[in-house]
Amino acid sequence: MLKSRSEIKEFFEWSQDPTKMNLLNLLAGHPATGFYSGSFNPLHSAHLWIQRCVPGTAFELSLVRVGKPPYSSFNEFYCIVDQFQQLNLPLIVTTASKFSDKLALWKNTFGYDAKHVLMGDDTAHRMGRKVIQNHPKTKFYIFHKTTSYSPNAIWTEIPECFAHTRSSNIRNS
């Protein structure tokens, strides 16, 4: 369901307390079975293409950004959320920076494990194997960032990708 600007602002202000973990459902009536995390600033055609590769994928935007400064204001954050609302795209907003927390929030909110998670290869290397091993019901897919967005081998299913040549670069924690 679409949320008003004031409802989103209330969530934004509430989430400024780092001890609070929550998920704001902005799925706009779209059934979702998994999510694609990112900063989406700006949302562009490659993001849309990736999201459409796996049916049932919602975008996930976290208020706690890894490796990036916090949002400077609600208006900065709302400009990103508004991109999704204008296009009626499925979006969840979380207060989780770690994938293990994102997956726990998903299960607590929707009552079932996420069936899939999409991410870039940079995120997969940061995340490590432990999250994958602890969530056997969830398929993890990584997108290898290239200049081409054709469906010819940009996706790798994890853990198979960890057995590939890059496995030594991925943390075990």
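**View 1. The cysteine C79 is exposed**. In this predicted model, C79 has a relative accessibility of 53%, where exposed means over 50% relative accessible area, buried under 20% and partly exposed in between (1.4 Å probe, protein chains only). C53 is partly exposed, at 31%. The whole structure holds zero disulfides, a disulfide being a pair of cysteine sulfur atoms within 2.5 Å.

**View 2. E13 and K9 form a salt bridge**. The N to O distance is 3.9 Å; a salt bridge needs a side-chain nitrogen of Lys or Arg within 4 Å of a carboxyl oxygen of Asp or Glu. Both residues lie in helix 1 (residues 5–14), four residues apart, so about one helical turn separates them. Helices (H or I, at least four residues) and strands (E, at least two) are DSSP runs, numbered from the N terminus. E13 is partly exposed at 47%, and K9 is partly exposed at 36%.

**View 3. E60 pairs with K102 in a salt bridge**. Their closest N and O atoms are 3.0 Å apart. E60 belongs to strand 3 (residues 57–62) and K102 to helix 4 (residues 99–110), so the pair ties together parts 42 residues apart in sequence. E60 and K102 are both buried.

**View 4. D113 and K107 form a salt bridge**. The closest N and O atoms are 3.7 Å apart. Salt bridges with shared partners join K107, D113 and K137 into one network.

Residues are numbered from 1 along each chain as its sequence is written. Local features need pLDDT of at least 70, side-chain atom pairs count only at pLDDT 80 or more, and totals for chains, interfaces and linings use all residues, while side-chain values use heavy atoms, leaving out hydrogens and water.
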